[in-house]
Amino acid sequence: MKNFDAVKHVRGESKFVDDILVPEGTLWAHVAYSRIAHGHIKSIDCSSARSMAGVKAVLLAADIPGENQIGGIVADEPLLAEHSVHYRGQPFAIVIADSALAARYGAEAITAEITPLPVITDVREAFAKNELIIPPMQFELGDAASEWAHCDIVLKGTAETGGQEHLYLETQGAFAIPVEGGGVKIVSSTQSPTAVQRVTAKVLNIAMHLVEVDVPRLGGGFGGKEDQATQWAAMCALGAVKLGRPVKMILHRQDDMRMTGKRHPYVSDYTIGLKNDGTILAYDVVFYQNAGAAADLSPAVLQRTLFHCTNSYYIPHVKAVAYSCRTNLPPNTAFRGFGGPQGKFVIEAAIVAAAEALHVEPLLIQKKNLLKEGDEFPYGQVTERCQAHACWEALEEKSPIEAARKRASEFNALNEWTKKGYAVMPICFGISFTNTMMNQASALVHIYTDGSVGVSTGAVEMGQGVNMKILSIARTVFSIRPESIKLETTNTTRAANASPTAASTGADLNGMAAQLACGVLLDRLKRFAAERFDQPYVDLIDVRDEVVYNEEHDTGWTWQRLVAEANSARISLTCQHFYATPEIHFNRDTSKGHPFAYHVFGTALVEVTLDCLRGIYEIDAVNVVHDAGHSLHPAIDLSQVEGAVMQGIGWMTIEEVVYDKDGRLLTDALSTYKVPDMHFAPNVLSVDFLQHSENPLTPFNSKAIGEPPFMYGIGAYFALLSAVKAFRPGKQVPIVAPLTPERVLQALYEKCS
Amino acid sequence: MRTTKGVSRTMELSLECIINDSIIAETVNPGIVLLDFLRRHEHLTGTKEGCREGDCGACTVLLGELRGSEVVYTSVNSCLLPLADVQGKHVVTIEGINQPAELTPIQQAIVDEGGTQCGFCTPGFILSLTGYCMKDAQTHAKREAAQASGDSAAAGESAANISGVISSAAAAILAIGEADTIAAADTTAISANETDAISRADAKASTTVDGNVCRCTGHAPIKKAIRRINEYLSLHPNTGGSPISHLVGQKILPDYFQTIPSRLGELQKRGTPEQPFDETVGETAPYIVSGGTDLYVQKAFTMHAEPVLRIPSHYQRAKISESDDAIHIPGTTTVEDFRSSPLIEKYFPGLASDLLLFGSTPIRNRATIGGNLANASPIADMACLFMALNADLTLQENDVTRTLALRKFYTGYKQLAKKRTELIAMISVAKPGPASHLSYEKVSRRKYLDIASVNSAMIFDLHDGTLSNVGISAGGVGPTMLHLAKTSAYLNDTPMDALLFAKAWTIASAEISPISDARGSADYKRLLLRQLLAAHIMRCFPGMVKKEALA
Ligand SMILES: Cc1cc2nc3c(=O)[nH]c(=O)nc-3n(C[C@H](O)[C@H](O)[C@H](O)COP(=O)(O)OP(=O)(O)OC[C@H]3O[C@@H](n4cnc5c(N)ncnc54)[C@H](O)[C@@H]3O)c2cc1C
Ligand code: FES
Ligand code: FES
């Protein structure tokens, strides 16, 4: 089906927050933020800012009429710092002026006197000082402690993964317009309109119904606008209410990078025990999550790390403990995969280490321990419709792993300074919000008298194609031209109390709600037609391709006629429907339950070439077999997989977030933070979808697509590692991601003087 | 500096230009960037702001300039382009590409291949790819014209030139390969690689979107779209007409493009006012603004209010030339003009593909060599090159000129042996002899559109296994671009043998003082320089540096 959004995009006609014409008289806001990572605020001097040309107001914590609190899971984060600051980049004042530049100059003129306190950036140090955001979490299956004795080998190791900047191409931004009755209307680039609404109401001390949040579309989110789009919107709303004028804020890239959190860096210690034949018997892992200065979504991210700590493998004895550690960095937040990739990286590292010890290829251990139908996860759920083996085998057929091995070994025998490496990366990812209550959605569908249809849901379009997917659902139900259907902006007055568009569930949950709403409307229309055509059996009325049939005979009524007649007969052409995922539950005390509606599986083969003289590399090929169920829109899903793979590879290779010991972000611009570009993308990125994968819990047997393929990128790390080892056989290399050219060169050579 | 009143400059310019299909005649601040004018003033919101530092390409537009009877278009980052520089030119944004009803073949290819997700980067890609099609139609037209006039040499030459550019681009994209050219045995495998997946044209097109970043798609779908565009172009080649009318015929450009040459001609005839030369305000020394690709990054929020000294247009029109024993490069030469200069290709074959590692196409279209040298970055690529080549600078202020060796130009971190208002008018280098070899090495975190962690150039003459006239530069390992004078001297007139490298490195190692920063730790930079020096040597003496020597 034609992708209407894509057509708007290529013509530059899609309207993002900053593209919408604001009312005359709109003011601009700019944030003043801390340049110290930890300290007591002694004083804030706004006098020169207040006297600057164009500056209308400077707002501080004291100006907040309601609660100065934006924390979602834990109430530990002020909108504006008041007594102390906990990271560099923490906002403490908002300057409102008649131009963006005047607001910026004003913010730069504010000085804060801050008494510095010790700064912690290192997660182990935070743990040692007992700086924990929440009590530790633990998942357990079997009895790992007593299983070590039965293992032929037991290995211990450490694995680290770095942060990752979301780098949504559209930076954070919002504008707020004061409305009568003391309320505001906010247009925000957020994945979570409800969070914006809830927090703004709390900050302004008004009821939620006085806050309307509208989201046109996002220029990328990737999790970075799930919780961290809220504050900018709330600040605009605060300004709008205080000054009685619309207020807009669009973050400059550097400010965005400095003030917002990123993917959580992790340091993890593992012990793995295997039999000589490669069977994994036991796995013990401790995760130390660098949460940054406030909870944000860290507890939920931490939990997902545990959910995915055994990736796509069955391990009978597992003990996994996770600590969320407080440091003086910007609060880290959701990012595609949501802690899952961090968990999977460690088990892959453990398998690679075990393979080296057993002198076998890692893929032998991987394949031997792949999940089978009915296997139990450490959280008690058992696999259903498990596709782990099916994906692996389909990959072997598509792109024989043995051939890759041969390519690499032949190349490596011929070339002294250039080495090839490869790795296989299977994935298994659970779909549902792990917080069960969030698995709900609603849709509001209007049919207008000319037969055109408007669909509102709680889902936010951010490039993942949810609008097109829901459109295709509505079209399938109504059997009308897609041009007749429009997906509306996401708006809190049309979809109340919506969960964020996150956890890859956007199309599943909202699509289900839309399918149900459309179904109700169609049913209503068919009943009406049955009555008109004296047909006692409603099922014998059919609407196909905009034509109404009665017992397979064309009635002469078109869709438009049906709708118009129904309207004349005073039949409601509007339906609101709700959906909640059935069956899922999870007991937080026992860490057992059935948290996921289903799992997504897949396998990738990643091949790389390493220039061992310079330490630089190229990704040659990525071949994927991915389980997308019955795709709602194969073109969209394909592009999703391709994009996710590159983002995952970026995380593992060239994307490096660097803070200095004072908590200053060194990689605070696109000139220092590098994401994959045209040349970095492999020439072969080939994705096949697994055939015959059923999934009864979603619209038309589809499967969520957003996050799972990100984790194929992990294969790039281990492919590079194998190339390093081809140059330096047996060399012990610290397992630290990303494997930047710097880390590669330092793995290939000793320090030189 | 800024006063508490904020904006201090009062300079105004009567701007006359064409934006898409509309004539603009406005009084503007010439120091603001085009992006702001487009978005905030003209409400042309299809052009996006993703970074405001030339690194994402969301703001890409095409800038057309009348040359003779033709308008020549280049892609530029509107976020770094002073509005003054669009005077008398044609600015093309996505709104100016759209056809009323249908999509252009470029837009269609992006849609069909899933090359857009959120859409924020997309207009920038469309503009870059449209620029690519314009270039393609131009080269075709040139070749046809040469053939028609019976100038087979020119026809052949331009064809050869094209394939030269393409193959080096392809090589640069595909090859991690430099390492492979080092040891003879290593070459076999890459050529196999070269034949698969990407064709030469695809590589060339990829190069023109090297300044566009798409965070959503990861670029694989865009590569497929490029393949499709190239298929379209090869099915509809320009058979000699004007490139623009050809592209209009192919629905890649809207009709109005045909009217632009005469409309720009009229603007020119009326004589668009030149910007005042010296915008000195008060006692602050003005900034010389050239391409602006550095100034508008460093002073993004103040440049519009800073006093500037614009480079007179006769300097801007100067061309690269040669005398008996030297090549003379005007300071205003853009990196792209330098890269594609036949003279440079003649004396430094292969440099053109090395320089694909400099910035991106739109950056190279604007960045000047004078700006690169004056910028004084310790990792500036052109400084690296010219330091090794022992360039002489001609510095000029008013009518006074003087010559200074580049090796004496940098006196400390970002410190220059010149006044802020002294212009780098010319860069002169000795012509390389027949026995000369130039090797350029740059390693950055990402291979393309990234600033070097360490870079180094080495030039030398080679006679019977002995080096002479050695010049080695090293960037990223000291407060300025370094000339490794002692290492160069040591290698001079010394027969190359297996032990030489180790000794040379001991000397080089004492000449450098890297520090840790966002581009790498001090230890890494030291190690990396050693590797790059080894790479220089291995280019000419494969097998001379042993793996064991680099433990
Ligand atoms: C995205 C991006 C990528 C980049 N990539 C690279 C890269 O790969 N390698 C690299 O080396 N650099 C890179 N740069 C840096 C920059 O583009 C170059 O240094 C460029 O050559 C500067 O030239 P310009 O004409 O734009 O300078 P401007 O910004 O106009 O000026 C820079 C400085 O030089 C002075 N100046 C300019 N021209 C003259 C002159 N003729 N005489 C005297 N002083 C002068 C100015 O007063 C100013 O101080 C990059 C920049 C960006 C934004
Ligand atoms: S806005 Fe990113 S390159 Fe101009
Ligand atoms: S489509 Fe979102 S950045 Fe390219």
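In the predicted model, the buried residues of helix H3 of chain A pack against strand E1 (27–33), helix H2 (47–50), strand E3 (55–59), strand E5 (91–97) and helix H8 (253–259) of chain A. Helix H3 itself covers residues 100–109, and its buried residues are A:Ala102, A:Ala103, A:Arg104, A:Tyr105, A:Gly106 and A:Ala107.

Within helix H3 of chain A lies A:Arg104. The relative accessibility of A:Arg104 is 8%, and this residue therefore counts as buried, the cut-off being under 20%. The side chain of A:Arg104 forms a polar contact of 3.0 Å with the side chain of A:Asp255. When neighbours within four places in sequence are left aside, A:Arg104 is in contact with A:His30, A:His252, A:Asp255 and B:Phe301.

Chain A as a whole contains 19 helices and 30 strands. The radius of gyration of chain A is 27 Å, which agrees with the value near 27 Å for a compact globule of 753 residues. The C-alpha trace of chain A spans about 80 × 75 × 50 Å along its principal axes. Of the 753 residues in chain A, 67% are buried. Among contacts in chain A with a separation of 6 or more, 79% are accounted for by residues 24 or more positions apart.

The accessible surface of chain A amounts to about 24200 Å², and carbon and sulfur atoms contribute 51% of that area. Chain A carries 65 positive and 84 negative side chains; the centres of these two sets lie 3 Å apart.

Notes
Residues numbered from 1 in each chain as written. Chains lettered and ligands numbered in written order. Predicted model: local features only at pLDDT ≥ 70, side-chain atom pairs only at ≥ 80, totals over all residues. Heavy atoms only, no water. Helix = DSSP H or I, 4+ residues; strand = E, 2+ residues; numbered from the N terminus. Rg over C-alpha atoms; globule rule 2.2 N^0.38 Å. Buried < 20%, exposed > 50% of the residue type's maximum accessible area, 1.4 Å probe, protein only. Contact = heavy atoms within 4.5 Å. Areas by Shrake-Rupley, 256 points an atom, 1.4 Å probe, with all protein chains shown as cover. Lys, Arg positive; Asp, Glu negative; His and termini not counted. Charge placed at Lys NZ, Arg CZ, Asp CG, Glu CD. Polar contact = N/O pair within 3.5 Å; in protein donor to acceptor, adjacent residues only side chain to side chain.
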